[in-house]
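Open the model in your viewer and keep the sequence panel beside it. This tour tells you what to select next and what you will find there.

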Amino acid sequence: MKTLSIGIGCRLHSSAEQIEAAVRATLDSHAFDEIHAIASVDTKAHEAGLLEFCARHALPLKLFSRAQIAAIAVDDPSAAVREHLGIDGVCEPCALLAAADASDRAVSRNARLLVRKTIHDGVTVAIASSIAQPAREQTNNDSEEQDLP
């Protein structure tokens with residue numbers, strides 16, 4: 001059953017391979033075929049690596065405006081994202097928005113983070129679902145700060 005929404009933030013010119021490695025590492029015990037959609041900020045609409053990753057796996061890419069993203073509370077705001085985009089984060093709010101969109105319900109009432117922001121080679125990934133489960137901390141973060149355009 002496709003219940004997972006994957007929020008992605010990435011550096012400019014991140015490759016499809018980098019994005020795939022980050023997603024697979026973040027999925028951990030979840031299966032790749034559980035992914036319902038990939039989500040990101042609308043400024044990534046023409047990001048070749050993100051588009052290629054989605055095309056390879058026939059996954060829809062849901063893009064959200066900075067205004068939509070800013071309406072979602074972020075527990076661990078990113079200074080880099082704030083500096084570059086004027087919002088507190090990308091992957092967690094986008095994952096939640098896509099999960100809520102999948103269920104046609106309000107984010108606060110239905111969508112839940114299953115995996116909080118993780119960072120792999122300049123790609124941030126978070127996982128949300130419209131099926132209520134508690135968020136878990138990921139232990140395979142590297143220490144790289146995300147560098148957004």
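Helices (H or I, at least four residues) and strands (E, at least two) are DSSP runs, numbered from the N terminus. This is a predicted model, where local features need pLDDT of at least 70 and side-chain atom pairs count only at pLDDT 80 or more, while totals for chains, interfaces and linings use all residues. Residues are numbered from 1 along each chain as its sequence is written, and side-chain values use heavy atoms, with hydrogens and water left out.

**Stop 1: the whole chain**

Colour by secondary structure. The protein has five helices and five strands. Along the sequence they follow the pattern β-α-β-α-β-α-α-α-β-β.

Now colour by accessibility. Buried means under 20% relative accessible area, exposed means over 50%, and partly exposed lies in between (1.4 Å probe, protein chains only). Of the 149 residues, 50% count as buried.

Turn to contacts, meaning heavy atoms within 4.5 Å. Take the contacts with a separation of 6 or more: residues 24 or more positions apart account for 62% of them.

**Stop 2: helix α2**

Select residues 48-56, which form helix α2. Which residues of α2 are buried? They are Gly 49, Leu 50, Phe 53 and Cys 54. Look down the axis of α2: its buried residues fall within an arc of 130°, so they line one face of the helix. The arc is that of the directions from the helix axis to the C-beta atoms. An α-helix has 3.6 residues a turn, so residues three or four places apart point the same way.

Next, show what covers the buried residues of α2. The cover includes β1 (4-10), α1, β2 and β3 (61-64). Then step past the end of the helix. Ala 58 follows α2, and its phi is positive, near 50°.

**Stop 3: Arg 56 and its partners**

Show the side chain of Arg 56. Arg 56 is partly exposed, at 41% relative accessibility. Look for salt bridges: a side-chain nitrogen of Lys or Arg within 4 Å of a carboxyl oxygen of Asp or Glu. A search of the whole structure finds seven.

One joins Arg 56 to Glu 20, at 3.9 Å from N to O. Arg 56 lies in helix α2 and Glu 20 in helix α1, so this pair ties together parts that are 36 residues apart in sequence. Glu 20 is buried, with a relative accessible area of 15%.

Arg 56 also bridges to Glu 52, with the closest N and O atoms 2.5 Å apart. Both residues lie in helix α2, four residues apart, about one turn of the helix. Glu 52 is partly exposed, at 37% relative accessible area. Now select Glu 17, Glu 20, Arg 24, Glu 52 and Arg 56 together. Salt bridges that share partners join them into one network.

**Stop 4: a ring pair and a charge**

How many aromatic pairs does the structure hold? It holds one. Rings of Phe, Tyr and Trp (its six-membered ring) pair if their centres lie within 6.5 Å; planes under 30 degrees apart count as stacked, over 60 as edge-to-face and the rest as tilted.

Select Phe 32 and Phe 53. Their pair is edge-to-face, 6.2 Å centre to centre, with 85° between the planes. It links distant parts of the chain: Phe 32 is in the loop between α1 and β2, Phe 53 is in helix α2, and they are 21 residues apart. Phe 32 is buried, at 18% relative accessibility. Phe 53 is buried too, at 0%.

**Stop 5: a buried salt bridge**

Select Glu 47 and Lys 44. Their side chains meet in a salt bridge, 3.9 Å from N to O. Glu 47 is buried, at 7% relative accessible area. Lys 44 is buried as well, at 2%.

**Stop 6: an exposed loop residue**

Select Asp 28, in the loop between α1 (16-27) and β2 (35-41). Asp 28 is exposed, with a relative accessible area of 54%.
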